[in-house]
Amino acid sequence: MTAPSPSDLPETIPVREAHRFPTEALEAFLAQQGLGRMNELRQMRGGQSNPTFLVMAEAGEYVLRKQPPGKLLPSAHAVDREFRVLQALARTDVPVPQAVAYCADPAVIGTPFYLMERLHGRVFWDPMLPELAREERAPIYYGMNEALARLHLVDPAAIGLADFGRAGNYFQRQIERWSKQWVASKTRENAAIDRLAEWLPAHIPADSDETRIVHGDFRLDNMIFHKTEPRVIGIIDWELATLGHPLADLGYNCIAYNTAPTAYRGMLGRDLSALGIPTQDEYVRRYCERTGRRDGITPFHVAFALFRLAVILEGVLARSMAGNASSDEASQKGALGIALAERGWELARG
């Protein structure tokens, strides 16, 4: 098998210095899994949390996801959970990469890790889809919409995930969790996060006990689309997956509608009709049709999503300051925590 040259892999970069590890034990692990000799190891671009690599081996190309080095927050970077949910969803019509192997032994590359198949397709980083013609944009959005609906129609118990998280009171537990994470990772003041941490528990919708598998980071650039069709072939980055309320995923998925282009690649204020992109109301209506829901998201759901994302980005900033973040852009991304929390607080106040 002839390995591609680095110039043929624009989505990868040489392994960052902070994430280098000896490869001898990894090569032995690949051999044990029947994957043959490793030809090359490169790091995937992006990734703010779990370092991700492209492993080119004799048997094919695989994506490796591992925990970051250094001291980690409790329950964070659980790559074993990512591997488990990928294995379970492989039995459904939810598009996911095939899980290949999991290694819990930190002696191999320094942390636990897993391998999954490398999918070849399209990843769209900008929600305004500038690389596509106007008539191609709505089908991409509705392809993403269909993938989310398929996920939320899965019965967790039917695929062995009844214990993948706790049932009921999802928003209350999540608000408590991320409030604690904020305190644990805090490197500066963020008044809007503090205000949301106080406001959100008092405004949880009454029907908050519904339980499904939630991805936790369901956004456009965590989808791999077919090379030519507006169809998702793989949902990736399952680090935050758990059991929870499906409208939490939908609210998070709609962040781009509620933030400015300068804040996390948002679309607020843009002429969506001219762009050929469905409005939030149209997008939510299509999701409800697919899932049979009567209710959609409210400002609470988006404010909650922005609160949680702001805390996550503050954690990215903290890891950047400690020198072990997964991306060279981590410091810049972490700085967005204030802007996103302030937008969440604006939505909360109405």
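**Reading domains, a helix pair and a cavity**

Tutor: The protein is split into domain 1, residues 12-117, and domain 2, residues 122-349. Keep in mind that this is a predicted model.

Student: How far apart do the C-alpha centres of domain 1 and domain 2 lie?

Tutor: The separation between those two C-alpha centres is 24 Å.

Student: How should I read the packing of two helices?

Tutor: Two packed helices are described by the angle between their axes and by the distance between those axes. Take helix H6 (residues 246-253) and helix H10 (residues 299-322): their axes are 8 Å apart and meet at an angle of about 75 degrees. Angles of 65 to 115 degrees count as roughly perpendicular, so H6 is roughly perpendicular to H10.

Student: Which residues make the contact?

Tutor: H6 contributes Leu247, Ala248, Gly251 and Tyr252. From H10 come His301, Val302, Phe304, Ala305, Arg308 and Leu309.

Student: How does the contact of H6 with H10 divide by class?

Tutor: There are 7 nonpolar, 2 polar and 1 charged residues in that contact.

Student: How is empty space inside a protein found?

Tutor: Rolling a probe the size of a water molecule over the atoms shows where empty space is left. In this structure there is 1 cavity of 30 Å³ or more. The largest cavity holds about 220 Å³ of space. It is lined by 16 residues, and the closest to its centre are Pro127, Arg219, Leu220, Asn253 and Ala256.

Student: Which helices supply at least two residues of the lining?

Tutor: Helix H3 (134-152), H6 and helix H7 (255-258) each do. H7 gives the most, with 3 residues.

Student: What classes do the lining residues of the largest cavity fall into?

Tutor: The lining has 12 nonpolar, 1 polar and 3 charged residues.

How values were computed: Residues are numbered from 1 along each chain as its sequence is written. This is a predicted model: local features need pLDDT of at least 70, side-chain atom pairs count only at pLDDT 80 or more; totals for chains, interfaces and linings use all residues. Side-chain values use heavy atoms; hydrogens and water are left out. Domain bounds come from an automatic or database domain assignment. Axes are lines fitted to C-alpha atoms, for helices over the stretch in contact, and angles run from 0 to 180 degrees between N-to-C directions. Helices (H or I, at least four residues) and strands (E, at least two) are DSSP runs, numbered from the N terminus. Angles under 35 degrees count as roughly parallel, over 145 as roughly antiparallel, 65 to 115 as roughly perpendicular and the rest as oblique. Contact means heavy atoms within 4.5 Å. Ala, Val, Leu, Ile, Met, Phe, Trp, Tyr, Cys and Pro count as nonpolar, Asp, Glu, Lys and Arg as charged, and the others, Gly among them, as polar. On a 1 Å grid over the protein atoms alone, a cavity is a set of points where a 1.4 Å probe fits but cannot get out, and a pocket is an open set with protein on both sides within 12 Å along at least five of seven lines; lining residues have an atom within 4 Å of a point. Grid points are joined across faces, edges and corners, and a volume is the space filled by probe spheres set on the points.
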